[in-house]
Amino acid sequence: MSRILLIGATGGVGHRLLPRLIAAGHEVTALHRKPEQAAELRAAGATPLQGDLMAMGAPEMTAAAKGHHVIVFSAGAAGSGLERTAEIDGQGPLKMIAAAKASGIARVYLVSAMPEAGRGKDPNPNFEFYMKTKKEADAALVASDLDWVILRPGTLLHEEEGGGVRLSPAIPYGSVKRGTVAAVLARLIDTPQIRREIFELTDGETPVAEAVAALVR
Ligand SMILES: NC(=O)c1ccc[n+]([C@@H]2O[C@H](COP(=O)([O-])OP(=O)(O)OC[C@H]3O[C@@H](n4cnc5c(N)ncnc54)[C@H](OP(=O)(O)O)[C@@H]3O)[C@@H](O)[C@H]2O)c1
């Protein structure tokens with residue numbers, strides 16, 4: 001059993017990951033920004049913790065992280081503007097890194113994005129900024145001495161898990177069900193020997209358990 005801080009617990013990936021972590025026997029603290037989200041998170045078996053990433057600094061994140069073994073970051077600004085992208089997708093992971101270091105937490109999981117996203121489409125400055133921000137967050141985490149895992153899914157679909165995955169350090173671009181991202185994250189978290197690795201993820205043919213087992217060196 002691990003005590004896990006889940007940042008982005010109410011998101012498309014996060015709300016699918018939460019019950020998996022609970023079912024696996026973990027204790028989950030679910031960070032959420034709106035008071036009305038607390039009851040549903042508690043009903044799902046988590047301990048809700050209210051906090052807005054736009055307002056939290058590293059000290060507040062450190063206070064939230066205290067006492068946990070693992071931090072999962074699956075929050076995102078979801079294209080809601082440059083300032084929010086910079087703060088949530090950019091500064092959010094940096095605050096997580098600082099909080100993990102200050103709290104003696106080694107294991108952190110970051111949901112990033114495949115760098116090929118948007119290739120072949122008309123350039124969009126907001127999207128370019130988002131991808132640059134995601135990459136900078138990845139680079140900061142890789143430069144840390146934490147036991148990080150970075151997961152880079154392709155385009156996310158609002159669907160439950162199903163149909164297998166393609167999962168490795170480099171794969172062709174594609175889409176992936178949010179439920180499948182949650183399933184992969186849950187399995188990675190329960191395979192702690194996998195650490196300091198970046199993986200790309202799309203829907204595919206291999207069952208999740210088999211795909212994650214194949215990543216163990
Ligand atoms: N969309 C794609 O195709 C795509 C592709 C690759 C990677 N990704 C990345 O995958 C990750 C998960 O995506 P998703 O679809 O699950 O995201 P999502 O549904 O938009 O969820 C985002 C989460 O972040 C939280 N959040 C947003 N602003 C916050 C704030 N100021 N303070 C605290 N929490 C805040 C949201 O809380 P609320 O419920 O309060 O909004 C929600 O829990 C993101 O990092 C995203 O960038 C997305």
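Let's start with charge. The chain carries 24 positive and 24 negative side chains. The centres of those two sets lie 3 Å apart. Keep in mind that this is a predicted model.

Now the overall fold. The chain has seven helices and 10 strands. Along the principal axes, the C-alpha trace spans about 40 × 40 × 35 Å.

How much of the chain is buried? Of the 217 residues, 48% count as buried. As for the surface, the chain exposes about 10000 Å². Carbon and sulfur atoms supply 52% of that area.

What about contacts along the sequence? Take the contacts between residues at least 6 apart in sequence. Of these, 67% join residues at least 24 apart.

Where does Q37 lie? Look at the loop between β2, residues 27-32, and α2, residues 38-43. Q37 is in that loop. Is Q37 buried or exposed? Its relative accessibility is 16%. The cut-off for buried is under 20%, so Q37 counts as buried. And which residues does Q37 touch? Set aside its neighbours within four places in sequence, and Q37 is in contact with T10 and H32. H32 falls at the end of the 27-32 range given for β2.

How values were computed
Residues are numbered from 1 along each chain as its sequence is written. This is a predicted model: local features need pLDDT of at least 70, side-chain atom pairs count only at pLDDT 80 or more; totals for chains, interfaces and linings use all residues. Side-chain values use heavy atoms; hydrogens and water are left out. Helices (H or I, at least four residues) and strands (E, at least two) are DSSP runs, numbered from the N terminus. Buried means under 20% relative accessible area, exposed over 50%, partly exposed in between (1.4 Å probe, protein chains only). Contact means heavy atoms within 4.5 Å. Accessible areas come from the Shrake-Rupley method with a 1.4 Å probe; for residues, only the protein chains shown count as cover. Lys and Arg count as positive and Asp and Glu as negative; His and the chain ends are not counted. The place of a charge is taken as NZ of Lys, CZ of Arg, CG of Asp or CD of Glu.
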